Amino acid sequence: MKLKAMSKTIEARTYEEALAWLRDHGFDVTDAPGATVRVFLRKYNVSAAIQKTPEDGVKIFAYPGYLIGSEISKLVNRGYQQFLKTSKTEVPATADHLKALQQFSEEMKEALGLPSLYNESLGTVSESYQYDRIKDRDQPEVERPKRPWETVKVKVAAATKKGRA
């Protein structure tokens, strides 16, 4: 019961209320070509798309991504670094990119009347996690490609043996 007292009730907004809130708070709102109930949002060089639901609510159509050229990038986490990936390129995400993504996402959630989750409010959350140490682990060990840290061990071991002779 204590949780209920601490929880915050969030009122979902209608499509028109959400668009008005977004425009009032500095978002560029552009109609999507060929769709009357879908718009693109842009702020902080980050973009997303939302659309109207049949119940006059709002649904996220394209999740927020930093704009690279005119394309919305996808945030990919590789364990050691986050990247902004488009169909044409992939660039390392900087702190400024991540800050812009996080700020945009929080403001968009407020506009749409969506809950702000604790783990997401701490920073950016990637759509995809691709850790290099687990890649290809479904293959038999002898067929797996050698990782950089595995080839270094072999070279170091060989150099150590030569030095002792």
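This is a predicted model: local features need pLDDT of at least 70, side-chain atom pairs count only at pLDDT 80 or more; totals for chains, interfaces and linings use all residues.
Local features were taken only at pLDDT of at least 70 and side-chain atom pairs only at pLDDT 80 or more, whereas totals for chains, interfaces and linings use all residues. Residues are numbered from 1 along each chain as its sequence is written, and side-chain values use heavy atoms, with hydrogens and water left out.

The protein comprises 5 helices and 9 strands (DSSP runs, H or I of at least four residues for helices and E of at least two for strands, numbered from the N terminus), arranged along the sequence as α-α-β-β-β-β-β-β-β-β-α-α-β-α. Of its 165 residues, 30% are buried, that is, under 20% relative accessible area with a 1.4 Å probe, protein chains only.

Helix 2 (residues 15-24) packs against helix 3 (residues 95-112) at an angle of about 140°, their axes lying 8 Å apart; axes are lines fitted to C-alpha atoms over the stretch in contact, with angles from 0 to 180 degrees between N-to-C directions. The contact (heavy atoms within 4.5 Å) involves A18, W21 and L22 of helix 2 together with E107, E110, A111 and L112 of helix 3.

Residues up to four places away in sequence not being counted, I50 touches, among others, L19, L22, L41, F61, M108 and L112.

Terms used:
Buried means under 20% relative accessible area, exposed over 50%, partly exposed in between (1.4 Å probe, protein chains only).
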